[in-house]
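Work through the exercises below with the sequence and the model side by side, and try each task before reading its solution.

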Amino acid sequence: MSHGQSRAADLAAGFRRLFAAEPELMVRAPGRVNLIGEHTDYNDGFVLPMAIDREVLIALRPRTDAMVRVHSLDLEERAEFSLDEFERDEGWAEYLKGVAWSLTLEGHRLSGFDGVLNGSVPRGSGLSSSAALELAAARAFRATSGFPWDPARMARVCQRAENEWLGVGTGIMDQLASAAGNAGHALLIDCRSLETTAVPLPGGTAVLVLDTGTRRKLVGSAYNERREQCEAVARHFGVPALRDVTPERLEAASRQLAPLLYRRARHVVSENERTLAAARAMRSGDAATVGQLMSLSHDSLRDDFEVSSDALDAIVGGARAEPDCFGARLTGAGFGGCAVALVASDAAAGIGERVMSGYREATGLAGRAYLCRAAGGASDIAVEDIALKDIGADAE
């Protein structure tokens, strides 16, 4: 039994324990790691993430009323809410409630369910555990309520939940990567049109995620402040978003902008250029160029956008020192969480061990390395494929 099948079997056993019945449906949605294109999504720019083989799973049974009752096996907490009246509260269940609220705004009539969830996406790490939970929730409501599934539209629904229900001004990248991931490929996303293009990883490479063990909360961080700064520069140029500002136009206006705003914009404008160049290099199998662009991205995020941290700089520096590492950068919003490195596949395990050993020695922090594969987007899981009866009462 694979790791994913084992988690699904554990989830099914948990459902039987908590609800004294078999789950009728099971859904999944992956986290994502962004290879390059950071803080460009809410500027209508370009990003190059890949969905990863770490995900949120929900086992469920439809109800005949409007109640949603969900138990988190990871937290050993239960939450419930009514689909007839949405009231804001706090905690992890707000992600499910926000998605239900957003789906209702789309005109969907939702049915309740009993559910059990667990996840293998480290929370607060920059691997989009929140987007994975949102898309898994959307997939669960689709399973019980029967509305059509369009990945781009569902990504928009979940983004609205995060923006307007949770109060976090994220762009579309996380949700769209989780909704539309392509196994074995990264996904070049135009965050204005939502056009996606599958891009293969260069041959002989692997993606290594390096978790610093430090965490940040987006609502309490400078994330929203960075977004406001970008919007201020876009207003200065009279354009909808920084996507519409060329490097030449920005440079020509550099003295008209406050130095801080200029640096913020310089990161976004140059990051769009790097992301498109990285996609071209990936298509041609040029791992060295992809890695160089990833490293340049980190330097820009550190110096111009100022969203790195001592821990992130240390772990990125350790990865870059490895001869078989093509490049490395922080991934996610920054301020903590994870870095991502493109490495030679036959050396990946050794690189992860050495980088984490050096990181612990330099910082005293215990991080972790994850070798990640590119996974498909949110989907259903056939319950009969989990060998439910084989794990039976022993799991209870």
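A residue counts as buried when its relative accessible area is under 20%, as exposed when that area is over 50%, and as partly exposed in between. The model is a predicted one, and the values used below are computed from it.

**Exercise 1. Which side chain makes a polar contact with the side chain of Arg274, and is Arg274 buried or exposed?**

Solution. Begin by placing the residue: Arg274 lies in helix 8. Its relative accessibility is 11%, and because the cut-off for buried is under 20%, Arg274 counts as buried. Next, look for the partner of its side chain, which is the side chain of Ser300, in a polar contact of 3.3 Å. Finally, list the surroundings: leaving aside residues up to four places away in sequence, Arg274 touches Ile36, His267, Leu293, Leu296, Ser297 and Ser300.

**Exercise 2. Which side chains make polar contacts with the side chain of Asp114, and which residues does Asp114 touch?**

Solution. Asp114 belongs to strand 5, which covers residues 113-119. With a relative accessibility of 2%, Asp114 counts as buried. Its side chain makes a polar contact of 2.8 Å with the side chain of Arg61, and a polar contact of 2.8 Å also joins it to the side chain of Arg69. When residues up to four places away in sequence are not counted, Asp114 touches Phe15, Phe19, Ala59, Leu60, Arg61, Arg63 and Arg69, a list that includes the two arginines named as polar partners.

**Exercise 3. Describe how helix 3 packs with helix 5, and then how helix 9 packs with helix 10.**

Solution. Two packed helices are described by the angle between their axes and the distance between the axes. Helix 3 contributes Ala131, Ala132, Glu134 and Leu135 to the contact, while helix 5 contributes Asp174, Gln175, Ser178 and Ala179. Sorted by class, the residues of this contact are 4 nonpolar, 2 polar and 2 charged.

For the second pair, the axes of helix 9 (residues 287-303) and helix 10 (residues 310-320) come within 12 Å and cross at roughly 160 degrees. Because angles over 145 degrees count as roughly antiparallel, helix 9 and helix 10 are placed in that class. Their crossing is left-handed. On the side of helix 9, Ser295, His298, Asp299 and Arg302 meet Leu312, Asp313, Val316 and Arg320 of helix 10. This contact divides into 2 nonpolar, 2 polar and 4 charged residues.

**Exercise 4. How many of the 8 residues of helix 5 are buried, and what do the buried residues pack against?**

Solution. The count is 7 of the 8 residues, so helix 5 is largely enclosed by the rest of the structure. The buried residues are Met173, Asp174, Gln175, Leu176, Ala177, Ser178 and Ala179. They pack against strand 1 (25-36), strand 2 (46-62), helix 3, helix 4 (151-165), strand 6 (185-190) and strand 7 (196-200).

Residues up to four places away in sequence not being counted, Ala177 touches Arg32, Pro49, Ala51, Leu187 and Ile189. Between Ala177 and Ala132 the separation is 45 residues in sequence and 9.4 Å in space, C-alpha to C-alpha.

**Exercise 5. What are the phi values of Ala20 and Ser128, and is each residue buried or exposed?**

Solution. Most residues other than glycine have a negative phi. Ala20 has a phi near 55 degrees, a positive value in a residue other than glycine, and Ser128, likewise not a glycine, has a positive phi of about 65 degrees. Ala20 is placed in the loop between helix 1 (3-19) and strand 1, and at 72% relative accessibility it counts as exposed. Ser128 is found in the loop between strand 5 and helix 3, and at 6% relative accessibility Ser128 counts as buried.

Key: Residues are numbered from 1 along each chain as its sequence is written. This is a predicted model: local features need pLDDT of at least 70, side-chain atom pairs count only at pLDDT 80 or more; totals for chains, interfaces and linings use all residues. Side-chain values use heavy atoms; hydrogens and water are left out. Helices (H or I, at least four residues) and strands (E, at least two) are DSSP runs, numbered from the N terminus. Buried means under 20% relative accessible area, exposed over 50%, partly exposed in between (1.4 Å probe, protein chains only). A polar contact is a pair of N or O atoms within 3.5 Å; within protein, one must be able to donate a hydrogen and the other to accept it, and residues adjacent in sequence count only if both atoms are side-chain atoms. Contact means heavy atoms within 4.5 Å. Axes are lines fitted to C-alpha atoms, for helices over the stretch in contact, and angles run from 0 to 180 degrees between N-to-C directions. Ala, Val, Leu, Ile, Met, Phe, Trp, Tyr, Cys and Pro count as nonpolar, Asp, Glu, Lys and Arg as charged, and the others, Gly among them, as polar. Angles under 35 degrees count as roughly parallel, over 145 as roughly antiparallel, 65 to 115 as roughly perpendicular and the rest as oblique. A crossing is left-handed if the near helix is turned anticlockwise from the far one by less than a right angle, and right-handed if clockwise.
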